[in-house]
There are 2 protein chains.
Amino acid sequence: MTNHPYVPRDLILNDYVPNLLSQSAILAAYGIASVFVVLFIWLVSGKVPKIAKVDRWLMCWWAFTGLTHIILEGYFAFSPEFYKDKSGFYLAEVWKEYSKGDSRYAARDAGVVAVEGITAVLEGPASLLAVYAIAKGKPYSYILQFAVSLGQLYGTAVYFITSYLEGDKFATSPFYYNLYYIGANASWVVIPSLIAIRCWKKICAAQQLQGQKKTKVR
Amino acid sequence: MTNHPYVPRDLILNDYVPNLLSQSAILAAYGIASVFVVLFIWLVSGKVPKIAKVDRWLMCWWAFTGLTHIILEGYFAFSPEFYKDKSGFYLAEVWKEYSKGDSRYAARDAGVVAVEGITAVLEGPASLLAVYAIAKGKPYSYILQFAVSLGQLYGTAVYFITSYLEGDKFATSPFYYNLYYIGANASWVVIPSLIAIRCWKKICAAQQLQGQKKTKVR
């Protein structure tokens, strides 16, 4: 008999322990922590001399996404048995809950683990470096933001395409499908796309300027 | 009874048809076609005014990798039944042969298909655009090469990590493991890494120049 709420129903998860926290408690904690991070970075970034508003928003985004990658996705990537947790540990609760929208997390699908591992180990720290790079106006600021955004987009593409190829059958109900599988991932499609386009333009502009300068020197 | 040479031996491939071309014929055709492409681009690129040697080599690489992505990997991504081919069609022969180094190709592993699909559809045409961009000295030349290289590296990372997570058990023998799984993929780790580092430096240098100019204007 299946002892878990996930689909497909023939998925075997020995020693599964159901969620101890409610959905609203899990979402509220993530929401409140995120608002706190954004507010904190918004306030601190205000002290950077002559910084543009868009750069302050970007610092908030990179802090939020970087911490999400390192803490939430980092825990998942290296905790193959999170669904056995009996202690109500918050990060295990998050992934027990999210697996209702995509059971490949509980099932430890290799594609999902690979993408989450790359995201946590490389993109997480790189996102935090972007916060610093923007604040200090580093020359590598745009190319770093471009690289991380492209990594996020590639990861999301692999995530959605593999699920599609396997029949898109991993959500417990349309409610969880829309809220977690689609809703929770949408930001990581839209925002990295916007940032990648912006960085592409900025980098091309600087390159064009350098090209003109070289032509003049000739 | 298993009717194919691949491992794991419990992989089921109904209507599998063995290779009709020999290994040496398959490899020689790819090798000769590649040398032809590189020679052709090397000769044509020589007519671009004031072009550096490194840029001519890069044009050769982008033409070679772009055609590999579009033709070989494009065929694989959209041909789920290549292993049933009875006609000796070259591209089906290539993937029947390569599957000896990684049976996930014949087994249609979702992670492999997702990565190959992205590579063929996005990175293939983008690689050919890079040939043009270098020849014309376009301002987007470096950021385009950086983007495609990063995509190649991400794809290769997902490719190797998923195999590792599933027990690295997809090669018929150490010979095929080393020649195909490691050997054939090594170029797509080393060369994109070198190109990504080069583009990163070029882009940072242009950004620094622009930064200095702005400071002067102030």
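Through which surface do the copies meet, the same one or a different one? Let's start there, everyone. In this model, 100% of the interface residues of chain B are also interface residues in chain A, so the copies meet through the same surface.

A word on ground rules. This is a predicted model, in which local features need pLDDT of at least 70 and side-chain atom pairs count only at pLDDT 80 or more, while totals for chains, interfaces and linings use all residues. Residues are numbered from 1 along each chain as its sequence is written, chains are lettered from A and ligands numbered from 1 in the order in which they are written, and side-chain values use heavy atoms, with hydrogens and water left out.

How confident is the predictor? Chain A has a mean pLDDT of 96, and 97% of its residues reach 70 or more; pLDDT is the predictor's confidence in each residue, from 0 to 100. For the complex, the predictor gives an ipTM of 0.95 and a pTM of 0.96.

Now look at chain A by itself. You can see seven helices and zero strands, and along the sequence the pattern reads α-α-α-α-α-α-α. Helices here (H or I, at least four residues) and strands (E, at least two) are DSSP runs, numbered from the N terminus. The C-alpha trace of chain A spans about 75 × 40 × 25 Å along its principal axes.

Next, the pair. Chain B is superposed on chain A by a rotation of 180 degrees with 0.0 Å of shift along the axis, at an RMSD of 0.0 Å. That is the relation of a two-fold axis. The superposition is by least squares on the C-alpha atoms of residues with pLDDT of at least 70 in both copies.

On to the interface. There, 38 residues of chain B are in contact with 38 residues of chain A, contact meaning heavy atoms within 4.5 Å. Chain B and chain A bury about 3,200 Å² between them, with 80% of it on carbon and sulfur atoms. Buried area is the accessible area (1.4 Å probe) that two parts lose on being put together, summed over both.

Which elements of chain B give two or more residues to the side that touches chain A? They are helix H5 (110-136), helix H6 (141-165) and helix H7 (174-217) of chain B. H6(B) gives the most, with 14 residues. By residue type, that side of chain B divides into 24 nonpolar, eight polar and six charged. For the bookkeeping, Ala, Val, Leu, Ile, Met, Phe, Trp, Tyr, Cys and Pro count as nonpolar, Asp, Glu, Lys and Arg as charged, and the others, Gly among them, as polar.

How many salt bridges does the rule find across this interface? Zero, between chain B and chain A. The rule asks for a side-chain nitrogen of Lys or Arg within 4 Å of a carboxyl oxygen of Asp or Glu. Over all chains, the count comes to 10 salt bridges. In chain A, Lys96(A) forms one with Glu93(A), their closest N and O atoms being 3.7 Å apart. Both residues lie in helix H3 (residues 90-98) of chain A, three residues apart, about one turn of the helix.

Finally, some backbone details to find on screen. Val7(A) and Pro8(A) are joined by a cis peptide bond, with omega about -5 degrees, and Pro8(A) sits in the segment before helix H1 (23-45) of chain A. In chain B, a cis peptide bond joins Val7(B) and Pro8(B), with omega about -5 degrees. Arg108(A) has a phi near 60 degrees, a positive value in a residue other than glycine. Look for Arg108(A) in the loop between helix H4 (104-107) and helix H5 (110-136) of chain A.
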